Amino acid sequence: MIYALSPFVETFRELLEMRYLQRKPIGLDNAKLTAFLGQEPHTGLDAAIRATLDDMGCLPQAAGPGVMVAARA
């Protein structure tokens, strides 16, 4: 059905175009990165989540000692 409708439905056409990604394993090699940097940089999960939530304005911002400002909407 997807094949029959793909000439008319752009989503089906694009799904068929990307089908090879489901059939062949994909792997990335970071040898060039580690050769250039010396080691692969890692960010801890807690730090990454905190930075993301802070950038999204989901964490309250401290205005000073003991004073909290409402988070952005």
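These are my notebook entries on a predicted model of one protein chain.

Conventions. I number residues from 1 along each chain as its sequence is written, and side-chain values use heavy atoms, without hydrogens or water. Since this is a predicted model, local features need pLDDT of at least 70 and side-chain atom pairs pLDDT 80 or more, while totals for chains, interfaces and linings use all residues.

Chain. I looked up the secondary structure and found five helices and two strands, in the order α-α-α-α-α-β-β from the N terminus. Both are DSSP runs (helices H or I, at least four residues; strands E, at least two). Of the 73 residues, 3% are buried (under 20% relative accessible area; exposed is over 50%, partly exposed in between; 1.4 Å probe, protein chains only). The accessible surface is about 6,900 Å², with 61% belonging to carbon and sulfur atoms (Shrake-Rupley method, 1.4 Å probe; for residues, only the protein chains shown count as cover).

Ser6. I placed Ser6 in the loop between helix H1 (2-5) and helix H2 (10-17). Ser6 is buried, at 12% relative accessible area. I find a polar atom of the Ser6 side chain 3.0 Å from the backbone oxygen of Tyr3. Leaving aside neighbours within four places in sequence, Ser6 is in contact with Phe12, Arg13 and Leu16 (heavy atoms within 4.5 Å).

Leu21. I located Leu21 in helix H3 (residues 20-23). Leu21 is partly exposed, at 34% relative accessible area. With Met18, Tyr20, Ile26 and Leu28, Leu21 forms a nonpolar surface patch of about 570 Å² accessible area together. Patch residues have over 30% relative accessible area and no salt bridge, with nonpolar side chains (Val, Leu, Ile, Met, Phe, Trp, Tyr) joined within 5 Å and like charges within 9 Å; a salt bridge is a side-chain nitrogen of Lys or Arg within 4 Å of a carboxyl oxygen of Asp or Glu.

Terms used. A polar contact is a pair of N or O atoms within 3.5 Å; within protein, one must be able to donate a hydrogen and the other to accept it, and residues adjacent in sequence count only if both atoms are side-chain atoms.
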